[in-house]
Each structure stands twice: as structure tokens, then as C-alpha cells.
Amino acid sequence: MASIELATSRIVVIEDRGKQYRLTLARILKKQWMHYFDGVVSASENQFGKRVDSFDSTSARLALVEQSLVNAEGYATADGSPVTSAAGWQSLLPLSHRLAVGNAIVNVERAEPSDDEPIVLGVESVYLNALWSADDKGVMQKYRNLCHRFKTPNADQQRRFSRDSSRSRIIGGSRKAKTLWLGPQPTLVELYDELIVSVDGYQANGAELGADREAIVAEMDAYHKVAAADVLFSPAAANLSEDND
């Protein structure tokens, strides 16, 4: 099984108008992911007697992309100079390309374990599929069945997740108050670090993380921590009968 190399830069390749564009991002650190999570806006407010909900993660994602970009290839400049020589070049790239890069770095999804894998008491396995980086041919690589093994959460840890999943902050006066819903991502990162036992499919500086808990906590991508811990605290599907009798 090929492993994601966490300690190096990532390359996102975009195909547009028959050409390839290669965008290189420096490793995204935990503090940058936490700033991104803080920037995701989920709000509710009362307008003319009706509740209006709004959500925006795109703005925070674009800011993260522009902060992380270190190189871009395939673009032309008016004077023929390198793209990176222009001041603020990251924000001058086509918006559609920056959006595509943003979508790529959060392309992480739950993967289903094989049916024949036994459930072991006290240990819970979570599997993810994730887009990561392009290969030498410019093909984006999707890694499948990335495994995160956790200790089974206790009641206190479940309470922390449930409590922080519904946190909110009210801003404005009583007539125009807006409720900002605060996401549980920081708590999920903490719970991941407390509960993780081992992983498959990840390495840092060429060394597999495996069962090295200290290395996993230090090296694992924070977005993957959130994605895996979120699955851990999600309910399984019940086996419901469609028979009405």
C-alpha cells in the first residue's frame, strides 16, 4: 500500500484549456488548519420573523490556499518574468484554479471497511480515502483505505464532542442578533490525539508512522485528524426493516 508523505510539499495539477498548470503548496501546519476552521462561518439570524442560515467555508479555504502556495507553473506574465516574481502573485491566479486547489486539499471522504474485518473490542478502525498530490506525470493521486485505529472513546470524551458540536456565540443587539455556530474541529483534533493507537498509509520523512503514537500526533495532517475523529464519533447505520407488518 502506497503511503502519503506528510512532511513534503503537495502539488495540485489543474487541466484547463488543454494545458496543465502545476501549483505547489508548502506543508499545511496545524496552526494554519486551525485558523482555517476558525474562519469557516456558520450563522443563523432572524430576518423579518424568519430564521436565515448561512454558511461559508470558501473564503477561509481561499485564504489558506493563498497562504500556502509557494510556486505555480504554466502561467504567462506580461513581461515574461517568473510568476512568483510578481507581488501578491498567489491572489492573481485565476479564481477557478485557486478554488480547485482548495477543493483538492479538503478532498477527504469516509471509506467503508471490508465486510470480513472483525470488530475488536476496545479498538475502533476508521478508513478514509483522500486526494493528496500529483505524481511525476501530473496525475492527482487518490489514496484509499487510509486506516486510523483508535481506543474506544469513553463517556466523558463523547460528552465533550456532543457539547462542543453545538457551541455558539451571539453577536449584535437583541433586535439584530446573529448566532455564530462554532465548529467542533479543535475538539476533534484533541480527541484524535488522545485516542489514536496506530495508522496505516502515512509516513513522515520516509518513515512509516505505524504505531508510533508520538509521531502520529506530531506529524498527522490536522484535516485528516478531524475527518477521522468525526467518523469515530458518528453513529453506525441501524438495520431497519422496510416491512410495515
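At 11% relative accessibility, R98 counts as buried (buried is under 20% relative accessible area, exposed over 50%, partly exposed in between; 1.4 Å probe, protein chains only). This is a predicted model: local features need pLDDT of at least 70, side-chain atom pairs count only at pLDDT 80 or more, and totals for chains, interfaces and linings use all residues. Residues are numbered from 1 along each chain as its sequence is written, and side-chain values use heavy atoms, with hydrogens and water left out.

**Salt bridges**

- The whole structure holds nine salt bridges (a side-chain nitrogen of Lys or Arg within 4 Å of a carboxyl oxygen of Asp or Glu).
- R98 pairs with E66, with the closest N and O atoms 2.6 Å apart. R98 sits in helix α4 (residues 95-105) and E66 in helix α2 (residues 58-68), so the bridge ties together parts 32 residues apart in sequence. Helices are DSSP runs (H or I, at least four residues), as are strands (E, at least two), numbered from the N terminus.
- E66 is partly exposed, at 25% relative accessibility.
- E194 and R160 form a salt bridge of 2.9 Å, N to O. It links helix α6 (residues 185-195), which holds E194, to helix α5 (residues 155-165), which holds R160; the two residues are 34 apart.
- E194 is partly exposed at 31%, whereas R160 is buried at 15%.
- K225 and D193 meet at 2.8 Å, N to O, in a salt bridge. K225 is in helix α8 and D193 in helix α6, 32 residues apart.
- K225 is buried at 3%, and D193 is buried at 16%.
- R160, E190 and E194 belong to one network, joined by salt bridges that share partners.

**A buried charge without a bridge**

- D221 lies in the loop between α7 (213-219) and α8.
- D221 is buried but has no salt bridge; R10, the nearest side chain of opposite charge, is 4.6 Å away (Lys and Arg count as positive, Asp and Glu as negative; His and the chain ends are not counted).
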